[in-house]
Amino acid sequence: MRTFWKRIWQIFLPILVYFFGLGFIAFVGLFSYAYFTVKVPSINSYIDSQTTIIQYADGSELGRIGAQNRTLVSLAQIPITVREAVLAAEDRKFYSENAVSPTGIARALLKDVMGGSLQSGSTITQQYVKTAFLSQSQTISRKIKEIIISMKIEKQMSKDEIFENYLNSIFFGRGSYGIETAAEVYFNRNVNQLNVAQAAVLASVLNAPGFYDPAYGPTNQKRLLKRWNYVLDGMVKEGWLKPEVRAQVKFPTIQPLTHFGSLGGPKGYLVSWVANILSNKNISLDQLQTGGYTIRTTLVKQDQQAAVNAVSKNIPAHSPKDLHIGLVSIRPGTGEILAMYGGQDYLATQLNSATQSIAQAGSSFKPFALVAALEQGIPLSSIWNGTTPKIYNDGLNRPYVVSNYGDEQYGNIDLIHATANSVNTIFVPLGMVAGDDKVVDVARRAGISNNIKIDSVPAVVLGSASPHVIDLATAYATFAANGVYAKPYLISWVKNSSGSTIYQDQPNTSQVFQADVMADLTYALQAVTKYGTAAGALKGVGRPTAGKTGTTTNNAAAWFNGYTPQMATTVGMFRNDATQTLNGIGGINSVTGGSYPAKIWADYVKKALAGQPALPFPKPAHIGGTNPISFSRAVTQYAPADDPKVLGLPLFTGVIPDYKNQASNNSNSNNPDNTNSSNNPTNNNQPNNGVDSTSSGGNAAPKN
């Protein structure tokens, strides 16, 4: 029998050797062909990308922009213990073996089959090549390319260069790419601050983040602890960690899972608006996603949090889905935007209620008429008649019926009380006497963008125009700065990944109103918050305040615009268009500027200015004197009367309709702080004409 098998072996051995030789020659030939034909491709574009970090004014992080959350660091910046932990986990012979390790692949397969600790069969060089040059597909052709490119890369780059690139490109989970960002998201520190226990955790999770990160399930914690011990024991075995030190190492505390760079919630409106602003400065979204910029904003962290909290606290229960609330707060005299609230969730609605949505302004425009009058010497002490209704010529020989809320009769009162109570039948003739065109001019000088259409008609005083929230905030910041207009801005500077400043903004100001005019205006607007239409909501603010409520036709929009010497803030609340009312929201029959908007404003200011001194406003200048009859012009021009002829105002000369019935149908009679006419409906859910929009994020920027 032995002789038989010996003869069989003698016969077939040459055949086996022959075919094995042919196979080996074929393999060598094919591999040689592949080696010389497969070229090192261009590096994947995202490998060198870095996350752009957006900061508050104090340098703390606000959010991130980036296709991949990454911050590049040099190998020298990475502690030796961190490097050794990664080597112990992934490729302990990296510095002594070649780019491809057949024994490593076999060892990994054997351990996997036997149920041992997971270990990558690829060397660090192979892992880097797969990430940097290839896809993650599991195919034979991709594996062959990986091997060949790895061999070529090791001839082009040193081991240190490969290791540095690997540590900056590998995915650690939680949206983080690279060791620096992983240190931040797992331990809230920089890579050079990691201790050996933390380094071992990061070295463990990079193998399979979804399998080891304890944030994704309780079983992951057990697997992570086992692999963490494997890494530390490997460091001891290689002589990188002393056994006595290893015995003292305790498993570290890992930070809860957070979503860096997420556009969800109110923060998304800030991140997207920053990107929108810079897109107009020739810094594209693609650049921001990969360039590793640092963006310092003017936003104050305390103020921004106060804004979000104030809206969250006061937002009406069971609000309709199309309810918009916008808030913008500006530092008077500089234009720095201190806080901005554009909506509850950017991922749900990409329209920024603070900078893109528009709504009729209502009585928010009345201070513009007051300024126009003061500039012409008409004093706050002048007496006007507040009876209702009154009929004027609208400029096109049509009757313009003006009524007060609830047909309230005010009789003869001065402009301070008319401002406090927002009396329509006084402010319309005031604007006509001062000049409707002058009212428009004041609005423009104060900061209402030229992109906002403002008609020079009697209704302008009652807010027939439809601005953005940021427009009114800018205008009232001009009042707070004693007549100094400051162009609003959100970004202080931008630095590239090398630390060079590539964009910088700063205050751009001009004196547009006389200080004495502003002092008298502020004196009148303080009456609104002391005993006027906003007094109830502003109780307890604990510092001097000035402002103006605004409510529009059919109560479709409600505003409060107010300021202290330190900040000017506008809060707007509105529906998608002027045919929809706010009434009934939150159980309030008549939603006005003195309700939710004023409450939000008050809560915001209290928290934003907490710890800051209660500064006084300038004393009134009393333009034209304090005596109600001591004007610089003929007293008869401003004398109180029901008949507009005494004021020299244009009468309606056609057939006068039943004005009482018309007044009852006119929405001006339904607004407690008095509103604009109903002939200019506004769609709030679209950016205003002349505003740049971007299709990617729905962002738009007012061209102030």
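Student: Is Glu 375 buried, partly exposed or exposed, and what is its relative accessible area?

Tutor: Glu 375 is partly exposed, at a relative accessible area of 36%; here buried means under 20% relative accessible area, exposed means over 50%, and partly exposed lies in between (1.4 Å probe, protein chains only). The model is a predicted one, in which local features need pLDDT of at least 70 and side-chain atom pairs count only at pLDDT 80 or more, while totals for chains, interfaces and linings use all residues. Residues are numbered from 1 along each chain as its sequence is written, and side-chain values use heavy atoms, with hydrogens and water left out.

The side chain of Glu 375 meets that of Arg 445 in a salt bridge, with an N to O distance of 2.8 Å. Since Glu 375 belongs to helix H15 (residues 366-375) and Arg 445 to helix H18 (residues 436-446), the pair ties together parts 70 residues apart in sequence. Helices (H or I, at least four residues) and strands (E, at least two) are DSSP runs, numbered from the N terminus. Arg 445 is likewise partly exposed, at 23% relative accessibility.

A salt bridge is defined as a side-chain nitrogen of Lys or Arg within 4 Å of a carboxyl oxygen of Asp or Glu, and the count by this rule is 14. One of these joins Arg 575 and Asp 322, whose closest N and O atoms are 2.7 Å apart. This pair links distant parts of the chain, 253 residues apart: Arg 575 is in the loop between strand S19 (568-574) and helix H21 (596-608), and Asp 322 is in the loop between helix H14 (301-314) and strand S7 (324-330). Arg 575 is buried, at 13% relative accessibility, and Asp 322 is also buried, with a relative accessible area of 13%.

Another salt bridge joins Asp 455 and Lys 453 at 2.5 Å, N to O. Of these residues, Asp 455 is partly exposed at 32%, whereas Lys 453 is exposed at 59%. Salt bridges with shared partners also join Glu 61, Arg 64 and Glu 184 into one network.

Nine of the nine residues of H7 (residues 179-187) are buried, so the helix is largely enclosed by the rest of the structure. After H7 comes Asn 188, which has a positive phi near 55°.

A sheet may be described next. Three strands form an open sheet of mixed pairing in the order S3-S5-S4. Strand S3 (69-70) and strand S4 (171-173) are its edges, each pairing on one side only. S4 and strand S5 (residues 176-177) run antiparallel and are joined by two bridges; strands count as paired if DSSP finds at least two bridges between them. Ser 176 in S5 is the bridge partner of Gly 173.

Ser 279 lies in H12 (residues 267-279) and is partly exposed, with a relative accessible area of 34%. A polar atom of the Ser 279 side chain lies 2.6 Å from the backbone oxygen of Asn 276. At 1.5 Å a residue, the 13 residues of H12 should span 18 Å, which agrees with the 19 Å between its end C-alpha atoms; the expected span is 1.5 Å times one less than the number of residues.

Notes: Polar contact = N/O pair within 3.5 Å; in protein donor to acceptor, adjacent residues only side chain to side chain.
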